[in-house]
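Here are some notes on the nonpolar cores and the salt bridges. Please read them with the model open.

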Amino acid sequence: MKDISQRFAEAVIKWRFLFIALSVSLTLFFLFCLRNLSVQTKLGDLTPQKHPYMEVQKKLMYVFGGLNQVSIALVVKEGDVFNKDTLDKVVRITRKLYLLDGVNPGRIVSLAARKIKNTRAYEDGFEVKRLMRHTPDTAAEMERLKQNIIRNPMFYGSLVSKDFKATQIMVDFEPEVTSRRIFEELEEIIDAERNRNTDIYIAGRPILEGWMDHYLPKMGWIFLATGLIMALLLYLAFRSKRGIILPILSATMATIWGLGAVTLLGYRMDPATILAPFFIFALGISHSVQFVKRYYEAMKTDPMDKKKAAQETLSHLFVPALVSLVTDGIGFISLFIVPLAMIKSMALASGIGVLSIFFTTVTFLPPVFSCLSRPKRLEVEREEMPNILDRFLTRIASLIHTPTLRWTTFGIFLLLALIGLAGTSRLVVGDNEPGSATLYPDSPYNKAERIINNKFMMGTNPYFVMVEGKGEEALINSEVLREMESLQSYLIKHIPEAGYALSLADYIKGLNMVMFAGNPNYFKIPDKDGTIAEYLFLYSISGFPGDFDPVVSPNFQYANIKVDFKDHKSDTIKKTIFYTREWIEKFHRVSSVDFLYAGGVMGTLGAVNEIIEEILPMSILQVAFLVFICVAIAYGSIVGGLILLVPLLFNVLFVFGIMGLSGISLTIETLPVAALSIGRGVDYSIYVVTRIREELNAHQDRTLEEATLSALVTSGKAVFFTGATIAIGALAWVFSDIRLQARLGLTLGFLTCLNVLGSLILLPLFLRMFNPAFIYKNRILKDDGVSVKEGEVTGTVEEQRETL
C-alpha cells in the first residue's frame with residue numbers, strides 16, 4: 001500500500017496541472033448545472049410509493065381525488081360567528097378555493113360549500129338546499145341557519161365549534177401540487193380577510209411544508225454565518241491565507257459537485273434536506289485541514305523543496321484520506337435504499353459530494369501546494385509552534401498510558417455507552433409530540449394546529465379506510481353500512497386522540513333522522529336495504545349530482561371512512577393501525593366488501609415510520625460491515641478493522657441515546673444525522689491510527705507511548721481544530737426558525753465532539769490496552785542483532801519480543 005501511495009503521489013505531482021485543470025473544469029460544469037437546482041417540497045417526495053398503505057392511498061385518490069387536507073379556522077374575538085362580517089368571509093374564502101388549480105372541488109367543506117346541504121323531509125321525498133349559499137340578511141335568517149347547524153350532528157362541532165366562536169373550512173389538494181404553491185395561494189386568500197375581530201388559522205401537511213419553504217431565505221444567512229465562523233476558526237488555527245482559503249475552496253468545490261450531480265440526475269432539494277450541503281462542506285473542511293497541517297509539517301523538514309513537500313503530504317495521507325472518504329460516503333449512500341425521493345436526493349447530494357472530496361482535496365490540494373510559492377519560514381514556524389493545545393494533547397497521552405487513569409477513562413466511556421444504551425431504548429420512530437416537532441411549539445403553524453384541534457371535533461390529521469365492494473351497488477346494504485359504522489365507533493372508542501368520523505353511513509343515518517322529523521333517536525341505519533336505496537333515490541331527485549362523491553363512488557362500489565385525529569404522534573399512528581387491523585380480524589363478516597387501510601396523513605406517516613424501523617437496523621449493520629471491510633483491507637488486519645469499529649459503534653449508540661433522552665424522534669428529517677454518525681464514526685480515527693503506524697515504522701526505537709504522543713500533537717492537533725471548526729459552525733444553526741434544524745445543529749456539534757474524543761482518547765486507549773500487531777506493520781523488531789519483520793511472528797508486540 002505504501003508503494004502504491006508513493007507512486008500515486010509522484011504521478012499526481014508530475015501531472016499536477018492536469019489534475020488542477022480537471023478539478024476546476026468539473027467544478028465549473030457542476031456550477032453550470034446548478035442553474036436548474038430546485039429547492040421545494042412536493043408531497044409525493046415524502047412517501048414510500050410502493051408501501052401497502054400507499055397503494056391504498058393511490059386507490060383512494062383515484063376514486064375520490066386528492067386527499068392532501070388543509071384546515072382553515074376563522075375565530076372571532078367578540079360575539080360569535082353568526083354575524084354578517086364573519087360569514088361573508090366564509091363565503092368569499094370558499095368561492096376563491098374553488099378557483100385554485102389542483103384543488104379537489106368535491107372535498108371543499110365549509111358552511112358555504114356547494115356540497116354542504118340542509119335536508120328536510122316532506123310527503124314525496126326530501127327537500128335539499130345548500131346550507132348557506134349567501135350570507136343571511138336578517139336576524140331571523142341568521143337564527144334559522146344557527147338552528148339548522150345545531151340540529152345536524154354532522155355540522156355542529158365539526159364545521160362550527162360548540163361555543164360558536166369559530167368556524168372551519170377544509171380543502172384537499174391533488175398530490176402533484178407543490179406545498180409552496182398551496183401555502184402561498186392560501187396565505188394570500190386569508191390575509192385579505194384578517195381583521196381586528198377575526199383571527200384566521202391554517203394547518204395541514206402542505207402548510208407545514210410551506211412554512212419550511214418560507215424560512216428558506218433566513219437559512220441562506222445562517223449558511224453564510226456558518227462559513228464565516230469556520231473561516232475565523234481556520235485563521236486562528238493557521239494564521240495564514242492558504243490555511244483559510246484552500247480548505248474553504250476545496251470544501252466549496254465538493255459542495256458544488258454534490259448539488260450539481262443531484263440536479264443532473266433530476267432530483268430536487270427541499271427544506272428538510274437542505275443541510276446536506278453543510279454536511280459536505282464540513283467534511284471537506286475536515287479533510288482539507290489534515291492536508292494543510294501535514295504540508296506545513298513537511299515544509300518544516302525541507303523548506304526549500306515545495307514539490308517534495310506536496311508529494312510527501314499526498315503519499316502519507318493518501319490511504320487514510322481514501323478510506324475515510326469511502327466510509328463517509330458509505331454512510332450517506334446507504335440511505336439511497338430508503339424508498340423516499342427526498343431521502344434519495346439527500347443521499348445522492350451528500351454521497352457524491354463526499355466522494356468528490358477525493359478530487360477536490362486529495363488530488364487538488366497537493367498540486368496547488370506545489371504550484372504556490374513556498375510559505376514563509378515564520379508562517380511555518382508559527383503553525384508548528386507548541387501551544388496550549390499541545391500541552392492538552394500531551395496530558396491526554398499521559399492519561400492513556402497511566403494505568404489508573406487509563407482504567408478510569410475506560411470506565412467513563414463505558415458509563416457513557418450504558419447511558420446511550422438506555423437512551424436508545426427510549427428512541428421513538430416518528431413524531432412524539434402534538435403538532436409538528438419540525439417547528440417550535442410557539443410557531444404560527446403549531447399554534448394554528450392546537451387551536452383547530454381544540455375548537456373542533458375534526459382534527460387536522462385525517463385517516464382513511466377504503467371500503468371496496470366486489471360489485472356495483474355493493475354498498476347499498478344495511479349490513480355493510482353497519483360494519484362501516486362499527487369500525488368508526490371502534491376507533492373512536494379505543495383511541496382518545498380520534499375526533500370526528502364521517503362516512504356514507506353517517507349520511508344515511510342523517511337522512512333517516514330527517515325522515516322522522518329530525519328525531520335524534522332515528523339517527524341510525526335503516527334495517528332494510530330497500531329503504532336505503534329509496535333514501536338515495538329521493539335525495540337524488542332534489543339534490544345536486546355528486547353530493548355523495550366525497551364518501552362514495554357514483555356506482556356505490558367504493559366508499560371511504562374518514563376519521564380525523566388530534567395529532568400524528570408515533571403512538572397514535574400505531575394504535576390507529578393496530579385497532580383497524582384488530583376490528584377487521586374480529587368483526588368483519590360481510591363477504592361482499594373488503595376494508596383496506598391505511599390512507600390519509602396517518603397512513604402516509606405510518607408507512608414512513610415502518611420503512612424507517614425496517615431499514616435503519618439493517619442499514620447500520622451493512623454500513624458497519626462495509627466500514628470494517630474497508631479498514632481491514634487498508635491496514636491488512638482484521639484486528640485493525642475490529643478496533644476501529646469501536647469508535648463507530650460508540651458514536652452510533654451514544655447519538656441515538658442522546659436523541660432518545662432529549663426527545664428527538666427518528667424521522668425522515670433526522671435520518672441524515674443517523675447516517676452521518678455511522679459514516680463519520682471512524683473518520684478522525686483513521687488519520688490518528690495511520691500517524692501512529694507511521695511514527696512506529698519511521699522511528700525503530702520509538703515506543704507506543706511516544707508514537708501516540710507524536711501522533712496526537714500532529715494529526716491529533718488537526719483533528720481537534722477540524723472538530724472545533726465543524727462543531728462551532730454547526731451551533732450557528734440553533735438560530736434557525738426551524739426547530740428541527742436547530743436540534744440537528746446541536747446534535748451535529750455534539751456528534752463531532754464525540755468523533756474527536758473517540759479518535760483522541762478512546763482509540764489510543766484501546767490500542768494501548770490490546771497493543772495489536774497491525775500498528776507495527778513493516779517495522780523491524782530487533783533483539784541482540786536479530787532482525788525480524790512483523791508478520792513472521794504473531795501476537796502482540798510483547799509476545800513477539802518474547803519469541804525473539
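1. Helices (H or I, at least four residues) and strands (E, at least two) are DSSP runs, numbered from the N terminus. Residues are numbered from 1 along each chain as its sequence is written. This is a predicted model, in which local features need pLDDT of at least 70 and side-chain atom pairs count only at pLDDT 80 or more, while totals for chains, interfaces and linings use all residues; side-chain values use heavy atoms, with hydrogens and water left out.

2. The largest nonpolar core has 248 residues. A nonpolar core here is a set of buried Ala, Val, Leu, Ile, Met, Phe, Trp, Tyr and Cys residues joined through side-chain atoms within 4.5 Å. Buried stands for under 20% relative accessible area, exposed for over 50%, and partly exposed for values in between (1.4 Å probe, protein chains only). Leu186, Phe595 and Leu644 touch the most other members of this core. Helix α22 (residues 600-635) gives the most to this core, namely 18 residues.

3. Phe595 deserves a separate look. Neighbours within four places in sequence aside, Phe595 is in contact (heavy atoms within 4.5 Å) with Val465, Met466, Val467, Glu483, Met484, Leu487, Ile561, Trp583, Ile584 and His588. Another core, of 6 residues, lies apart from the largest one; Phe64, Phe464, Met466 and Leu596 are among its members.

4. The structure holds 27 salt bridges. The criterion is a side-chain nitrogen of Lys or Arg within 4 Å of a carboxyl oxygen of Asp or Glu. One of them joins Glu193 and Arg92, at 2.8 Å from N to O. This pair links distant parts of the chain, 101 residues apart: Glu193 is in the loop between α6 (179-191) and β5 (198-203), and Arg92 is in helix α4 (residues 84-98). Glu193 is buried, at 3% relative accessible area, whereas Arg92 is partly exposed, at 36%.

5. Lys586 and Glu582 form a salt bridge whose closest N and O atoms are 3.8 Å apart. Both belong to helix α21 (residues 570-587), and because they are 4 residues apart there, about one helical turn separates them. Lys586 is partly exposed, with 43% relative accessible area, while Glu582 is buried at 17%.

6. Arg691 and Glu694 also meet in a salt bridge, at 4.0 Å from N to O. They lie 3 residues apart in helix α25 (residues 683-698), so about one helical turn separates them. Arg691 is buried at 4% relative accessible area, and Glu694 is buried at 16%. A network of salt bridges links Arg294, Glu297, Arg691, Glu694, Glu695 and Arg702.
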